[in-house]
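Have the chain open in your viewer as you read.

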Amino acid sequence: MQVLNFLCLALLCLVLEKVAVAEECIKFEDHKDEILNCCKYQPPYPKDDVKECVQEAQGKSGGDKHEFFACLLECYLPKIGIINGDSIDEDKISEHLQSLDENARDILLAAYKECDESTTGTTRAQCSSYALDLETCVLQKLDQQCPDEFYNPSEICDKLKSGVEICH
């Protein structure tokens, strides 16, 4: 009987841990607009190349939202020179960030460097997740370190600022 009680308790702990972990991230697809507006420091990347990449991503993704974003960023970030393969181009990132104030440049460049070290890409169906994982990491770092004058407080943004992760 004690063994049965122990197994039930252990199973309950595992279930509760899974529930706690499931609540420890914010689904990007469910809160995209809010997540993208938590911090008004948005990297000033050219928008022209996005249209071509949107069409390519739609063709590759087969309607899967996560795959669409992975394909979109896999196309777009190399096109504007932010990544080359599975690594960042710090010089090109710095070039793109010149229009921002020094604090914003420092925060974003540091985030890219840190995220580049910890990001590995995997291929789901059609596209590598490296670019998506990198940008998700940078966005999280940006939201966590966003200066008050650029911060847009909300329940979701406050959770991100406190360290809750974005998940896909």
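Predicted model: local features only at pLDDT ≥ 70, side-chain atom pairs only at ≥ 80, totals over all residues.

The bond connects distant parts of the chain, since Cys 25 sits in strand S1 (residues 25-27) and Cys 167 in strand S2 (residues 165-167), 142 residues apart. The torsion about the S-S bond is about 70°, which means that the disulfide of Cys 25 and Cys 167 is right-handed.

Now turn to the helices. Cys 53 and Cys 75 are joined by a disulfide with an S to S distance of 2.1 Å. Here the torsion is about -70°, so the link between Cys 53 and Cys 75 is left-handed. Cys 53 belongs to helix H3 and Cys 75 to helix H4, 22 residues apart, and both cysteines are buried.

These two helices also pack against each other: H3 (residues 50-61) and H4 (residues 65-79) meet at an angle of about 145°, with axes 8 Å apart. Their crossing is right-handed. The contact between H3 and H4 comprises nine nonpolar, two polar and six charged residues.

A further disulfide, between Cys 115 and Cys 137, has its sulfurs 2.0 Å apart. With -80° about the S-S bond, the link of Cys 115 and Cys 137 is left-handed. Cys 115 lies in helix H6 and Cys 137 in helix H7, so the bond ties together parts 22 residues apart in sequence.

Altogether, the count comes to six disulfides.

Technical notes. Residues numbered from 1 in each chain as written. Heavy atoms only, no water. Axes fitted to C-alpha atoms, helices over the stretch in contact; angles between N-to-C directions. Helix = DSSP H or I, 4+ residues; strand = E, 2+ residues; numbered from the N terminus. Left-handed = near helix turned anticlockwise from the far one by under 90°. Nonpolar A, V, L, I, M, F, W, Y, C, P; charged D, E, K, R; others polar. Disulfide = S-S within 2.5 Å. Buried < 20%, exposed > 50% of the residue type's maximum accessible area, 1.4 Å probe, protein only.
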